[in-house]
Amino acid sequence: MPTVPLLLHLPGEGRWQARNSPARRVPSHGSHLFGTTYAIDLVPVDDRGRSGPVSWRTVVATEDPVRFVGFGRTVTAPLAGRVVLTHDGESDGVVRRSPVAFLGHLREQTERARRGLPGLAGNCVVIEVEPEGPSCWSPICAAGRLPCDPMTW
């Protein structure tokens, strides 16, 4: 394993904001499950730092992902390497910012966990930085937009 940190580039144009980062807490997503201990969520935001518009649905319901700044945006590799695995075809789902809608998220996560790694990772590209590791996951939000040929798990 390398002893120097990997320099990652932002995965696309525009403004991004780090959320659920190990700079704030470890584990970053509140759990050591599923390899999320040091995960970082990079979220595309507008000039005001918002990922999407706020409406009544933000408070009490789910939201359509097409309303968000990053939906449909091209995602680029955060570092050079070799694509070793891709997965595409997971549904785009809904956005759950509401505490009420979060209950549906818990049910959905349980189902995704039952499906194993493909369900948990969603649409993604795995890039091998050098032989024998490490690897980098690059999630892709929109189904059917994977920039390289998918392989199977």
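Predicted model: local features only at pLDDT ≥ 70, side-chain atom pairs only at ≥ 80, totals over all residues.
## Overall fold

The protein chain contains three helices and five strands. Read from the N terminus, these elements follow the order β-β-α-β-α-α-β-β.

Contacts give a view of how the chain is arranged. Taking contacts between residues at least 6 apart in sequence, 63% join residues at least 24 apart.

## Burial and surface

The protein chain has 153 residues, and 28% of them count as buried. Its exposed surface comes to about 10000 Å², of which carbon and sulfur atoms supply 57%.

Which residues form a nonpolar patch on the surface? Trp-56, Val-59, Val-60 and Val-100 do, and together they have about 420 Å² of accessible area. Helix H1, residues 56–60, gives the most to this patch, with three residues. Trp-56 is located in helix H1. With a relative accessible area of 58%, Trp-56 counts as exposed because it passes the 50% cut-off.

## Salt bridges

Side chains of opposite charge can pair when their charged atoms come close. The structure holds five salt bridges, and three of them are described here.

One of the salt bridges joins Arg-97 and Glu-63, with the closest N and O atoms 2.7 Å apart. Arg-97 lies in the loop between strand S3 (82–87) and helix H2 (99–114), while Glu-63 lies in the loop between H1 and S3, so the pair ties together parts that are 34 residues apart in sequence. Glu-63 has a relative accessible area of 3%, so it falls under the 20% cut-off and is buried.

Another salt bridge links Glu-128 to Arg-82, and here the closest N and O atoms are 3.2 Å apart. Glu-128 belongs to strand S4 (residues 124–128) and Arg-82 to strand S3, so this pair ties together parts that are 46 residues apart in sequence. Arg-50 also forms a salt bridge, with Asp-46, and the closest N and O atoms of that pair are 4.0 Å apart. Arg-50 is partly exposed, with a relative accessible area of 32%. Asp-46 is partly exposed as well, at 25% relative accessibility.

## Aromatic rings

How many aromatic pairs does a search of the whole structure find? The search finds zero.

## The loop between S1 and S2

Strand S1 covers residues 15–19 and strand S2 covers residues 41–45, and Ser-21 is placed in the loop between them.

Asn-20 has a positive phi of about 50°, although it is not a glycine. Asn-20 is partly exposed, at 35% relative accessibility. Ser-21, at 10% relative accessibility, counts as buried because this value is under 20%. Leaving out residues up to four places away in sequence, Ser-21 touches Ser-28, Ala-39 and Ile-40. At Pro-27, the feature is the peptide bond that comes from Val-26: this bond is cis, with omega near 0°.

## Leu-120 in helix H3

Helix H3 consists of residues 117–121, and Leu-120 lies in it. Is Leu-120 buried, partly exposed or exposed? At 25% relative accessibility, Leu-120 is partly exposed, because this value lies between the cut-offs of 20% and 50%.

Leu-120 touches Phe-34, Arg-112 and Ala-113, when residues up to four places away in sequence are not counted. Another distance places Leu-120 relative to Thr-110, a residue 10 residues apart from it along the chain. The C-alpha atoms of Leu-120 and Thr-110 are separated by 9.5 Å.

Methods. Residues numbered from 1 in each chain as written. Heavy atoms only, no water. Phe/Tyr/Trp six-rings, centres within 6.5 Å; stacked < 30°, edge-to-face > 60°. Helix = DSSP H or I, 4+ residues; strand = E, 2+ residues; numbered from the N terminus. Buried < 20%, exposed > 50% of the residue type's maximum accessible area, 1.4 Å probe, protein only. Contact = heavy atoms within 4.5 Å. Areas by Shrake-Rupley, 256 points an atom, 1.4 Å probe, with all protein chains shown as cover. Patch = residues over 30% accessible without salt bridge, like charges linked within 9 Å, V, L, I, M, F, W, Y side chains within 5 Å. Salt bridge = Lys/Arg side-chain N within 4 Å of Asp/Glu carboxyl O.
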